[in-house]
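Me: Can we go through the aromatic contacts in this one? Keep it quick.

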Amino acid sequence: MAPSSCLLASARAAASPALPSPAPLRLRRPLPHAHRWRRVCCASSSSPPPRAPPEEPTDYDELLEATGNCDPLCSVDDVSPEYFQPSYKPKDDLLKAFTVMATALAGTAAINHSWVAANQDIAMSLVFALGYVGIIFEESLAFNKSGVGLLMAVCLWVIRSIGASSPDVAVEELTHTTAEVSEIVFFLLGAMTIVEIVDAHQGFKLVTDNISTRNSKTLLWVVGIVTFFLSAILDNLTSTIVMVSLLRKLAPPSEYRKLLGAVVVIAANAGGAWTPIGDVTTTMLWIHGQITTVKTMQYGLVYSFSCFIGSPIGSDVPHQESSSVLSSERMAPRGQLVLAVGVGALVFVPVFKALTGLPPFVGMLLGLGILWILTDAIHYGDSERQRLKVPQALSRIDTQGILFFLGILLSVGSLESAGILRQLANYLDANIPNADLTASAIGVASAIIDNVPLVAATMGMYDLTSFPQDSDFWQLVAFCAGTGGSMLIIGSAAGVAFMGMEKVDFFWYLRKVSGFALAGYAAGIVSYLATQNVHLPLPTSLAEIPFIPGS
């Protein structure tokens, strides 16, 4: 809750009689995740005028009535033991614990040191396959994919240490892999924190509040184009969250709003694929040297925009006037300044890399440090603005997503160190000699399988000696991995965010949107094939800027 909510709760409690002892909590609907974990502060007093006529209760009001007195650090998770009793089944919990322990013991007993040393490739492939199944079916198995990814990474490196000629070899390989992976993790940590700070200041309202059209078809294109370019600067997930929040202010819940949200997903994924900072997969390829900034923007813009306009999702939208609902939220103090500095810090990262030659994460940390000092300065002495500062932003970023990337990249690094990915690349080269077909298949697979491990595996399979920097293959991989996930709502982080925010059904998206997304994906590949042998020179004024060619 914001500090103002805490003050309101304190005032409300001071004006009401002493609250009774905790009663069983009866919520009208389950609390959202963010509300369940957010800290609330409340106070009570025992001097009481009669209670005002009851208002429509909210989750927050019912929590206050159910908990009574609590200290300033109390959490809504500590509401009352009765809240958990309906779902608490001791026998089921014991059975789950026993199953996990039995599986772990069986796996430990099954590992034969000599057999693993002699059959390292088979053992690692089995562990990776089991871990991947756990990641794909995380909802059914009720295991978070971040935990599965970390466990898989540790198991793979243990097997690698057993199968290596000596433990020192495995340690050296792990050190090298960790150095590469940490660059991506630090980059994502800095970028997500900067975006969270800007969002906390309502900085994105400067963009969304300028969309005023009420024509249904015009609104669809405006929302799509804004999302396309916003995703190129931020990332596809953040852009989707910002734009779907905007849609709630522009249109009531309806089939039309769902279609607008689907356009946002397609545009966000397409827009994030043509800049190094727009999607985590393009960031991975950029950091590891497979692609460069200028070349990716030069050609990727053509493929990505073809993908966006080639998805005729709005062709059957009827012409109508949609009402606009004004936002009740106000931009935080200095919100425009924080937006300018935050976006400037993100855009400056490629320039910093070209000027200094240092890894991109250093430039991202530079931007985060500047924004940190700035927010501390402009909110100095105001205790009610603590949520606008970096420490609070760090508590709200997607930490489990970063840990998932860490686990996946370490896992793929172990397979690369063992030579398994090279063997797979040789097999694909022998049976699928067309590299364009291989890259296209990666995009289709990313609609079902997470694109991060797919791209990580591709980088391990094909090094820069097979395909040099900025080759057509790497540019196509960047496009396909970024846009292929639009074909299914679960195929990308943007789609999953849209699914959760608007409660969109998987099969609705499959019926209404997947065909259009596939058409756009095909249009992007056609544009790639059409421009493969066409040289697209940059404007002379841009090419002559000293720091651009080496970016």
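Predicted model: local features only at pLDDT ≥ 70, side-chain atom pairs only at ≥ 80, totals over all residues.

Reply: Residues are numbered from 1 along each chain as its sequence is written, and side-chain values use heavy atoms, with hydrogens and water left out.

Me: How many aromatic pairs does the count come to?

Reply: The count comes to 17. Rings of Phe, Tyr and Trp (its six-membered ring) pair if their centres lie within 6.5 Å; planes under 30 degrees apart are stacked, over 60 edge-to-face, the rest tilted. One of the pairs is phenylalanine 186 with phenylalanine 361, tilted, at 5.7 Å centre to centre and 45° between the planes.

Me: Which helices hold phenylalanine 186 and phenylalanine 361?

Reply: Phenylalanine 186 is in helix α9 (residues 167-200) and phenylalanine 361 in helix α17 (residues 360-378), so their pair ties together parts 175 residues apart in sequence. Helices here are DSSP runs of H or I, at least four residues, numbered from the N terminus.

Me: Is phenylalanine 361 buried or exposed?

Reply: Buried, at 19% relative accessibility. Phenylalanine 186 is partly exposed at 38%. Buried means under 20% relative accessible area, exposed over 50%, partly exposed in between (1.4 Å probe, protein chains only).

Me: New topic. Which rings link into a cluster?

Reply: Ring pairs join Trp221, Phe228, Phe229, Trp274, Phe305 and Phe308.

Note on methods
Helix = DSSP H or I, 4+ residues; strand = E, 2+ residues; numbered from the N terminus.
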